[in-house]
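Keep the viewer open as you read.

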Amino acid sequence: MRAPRSWDIFCRVVDNYGDAAVCWRLARGLASLAGGRTRLWIDDLTVLHQLLPEVAPGSASQSLAGVEIRHWTAEAEFGEPAEVAVDAFGCGIPEDYAEAMATHSQRSLAIVLEYLSAERWVARHHGLPSPHPRLPLERYFFFPGFGAGTGGLPRESGLPARREAFLERPQAREALWREAGFAPPAADAVLVTLFGYENPALGALLEAFAEGGRPVVAAVSHSRLGAQAAALLGAESAEPRGTVRRGALEARFLPFLAQDRYDELLWAADWNFVRGEDSFVRAQWAERPFVWHLYPQAEHAHLAKLEAFLALYCKGLEAVLARPLRALWRGWNGSGEAPEQAVARAWERLSAPAPGRHAALLLHAHDWAARAAETGDLAENLAKFCAERLK
């Protein structure tokens, strides 16, 4: 059984950076496995450049880490179709490309890569055929997920070792903060990263930071949440490298961090507030307590995803920690009554200086990452899935 020799991944940037980030990680992973041609077709190179400064936003064709990065425009010429074409997150495969696949002498597969969810139905639908409405294409659904029967999560080889090497070297942390324009936080400060969408509960969270018993350094990433935080704290803007102090809170407004630097920020933190899909997964590999802000959906459909993941993540966590952690996540996502007050109360309980509390949360995050990794890497699982069907 051999791995497919060629891959084309099609990505339209919809949710800011998440779509591009996940597609890049998948493309890089496949390129490291396949030994053939891996192309990433993306419609917004500017977004990819922000994540990967090595990418030239004005170049229609370039290579990085074994991946051919192509600008996907209406005039793009695709050439011979790949053995496997990946339609990322429902962006669609171009019609002329799909027709070329259907008439090409080489057998090929089309994969519909879906969004990540911990809901139970995912395992039942993962790998099912997804017939093309018009063409005789062999097409399948492929779901990232948690546990057996899913496609797993993006997790490149060497990631745990890279994390450990960073944590063992104080000068690496100093370099991170120096590049961001700040001195390292004081040793007794709680470092919290904030990355997300606008959030009605943000004011209550910042107030809880300011009124707490321990100093908090909030590392505010360049995002929509950053502008909201600046306004709530009375800053003129969320310009990078600015600082606002209120009570025990020091808010630091960070410049945009490339993917590898953002990983390091997550590793260095005590708590991580993340959003969407890519930073959600990276927060889990960081092995730190975290809070996920889901992309809001009509009729609160995202709340089912929230509860499904909480049911998995909180399994085995002692009730004295699981209850406030659930409350914090639900309040942060606008679920339940008075979410702002729920966020403030939950943070107060979770950050209280009770003996062993934070250590227990860290141990749980470590154990969860180990369990999540058991399903395997998304790219490896996709390569195996396709190889089994092309043999």
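This is a predicted model: local features need pLDDT of at least 70, side-chain atom pairs count only at pLDDT 80 or more; totals for chains, interfaces and linings use all residues.

The protein has 15 helices and 13 strands. Its radius of gyration comes out at 22 Å, close to the 21 Å that the globule rule gives for 391 residues, so the protein is as compact as a globular protein of that length. Along the principal axes, the C-alpha trace spans about 70 × 45 × 40 Å. Of the 391 residues, 54% count as buried. If you take the contacts between residues at least 6 apart in sequence, 70% of them join residues at least 24 apart.

Now zoom in on helix α7, residues 202-211. Here 7 of the 10 residues are buried, so the helix is largely enclosed by the rest of the structure. The buried set is L202, A204, L205, L206, A208, F209 and A210.

Helix α11, residues 302-313, is worth a look too. With 12 residues at 1.5 Å a residue, α11 should span 16 Å, and its end C-alpha atoms are 17 Å apart, which agrees. Its buried residues are H302, L303, K305, L306, A308, F309, L310 and Y313. They pack against α10 (278-285), β13 (290-293), α12 (319-332) and α14.

The structure holds 2 cavities of 30 Å³ or more. The largest cavity has a volume of about 280 Å³, and 22 residues line it, with Y17, L51, F195, Y262 and S279 closest to its centre. Helices α1 (18-34), α9 (259-268) and α10 each supply at least two residues of that lining. By class, the lining of the largest cavity divides into 9 nonpolar, 6 polar and 7 charged residues.

The second largest cavity holds about 60 Å³ of space. Its lining is made of V22, L116, P144, L153, P154, E277, D278, V281 and L378. Sorted by class, that gives 7 nonpolar, no polar and 2 charged residues.

Last stop: the second largest pocket, with about 290 Å³ of space. Of its 16 lining residues, R173, W177, P185, L191 and A268 lie nearest the centre. Helices α6 (170-180) and α14 (357-373) each supply at least two residues of this lining, and the largest share, 4 residues, comes from α6.

Key
Residues are numbered from 1 along each chain as its sequence is written. Side-chain values use heavy atoms; hydrogens and water are left out. On a 1 Å grid over the protein atoms alone, a cavity is a set of points where a 1.4 Å probe fits but cannot get out, and a pocket is an open set with protein on both sides within 12 Å along at least five of seven lines; lining residues have an atom within 4 Å of a point. Grid points are joined across faces, edges and corners, and a volume is the space filled by probe spheres set on the points. The expected span of a helix is 1.5 Å times one less than its number of residues. Buried means under 20% relative accessible area, exposed over 50%, partly exposed in between (1.4 Å probe, protein chains only). Contact means heavy atoms within 4.5 Å. The radius of gyration is taken over C-alpha atoms; the globule rule is 2.2 Å times the number of residues to the power 0.38. Ala, Val, Leu, Ile, Met, Phe, Trp, Tyr, Cys and Pro count as nonpolar, Asp, Glu, Lys and Arg as charged, and the others, Gly among them, as polar.
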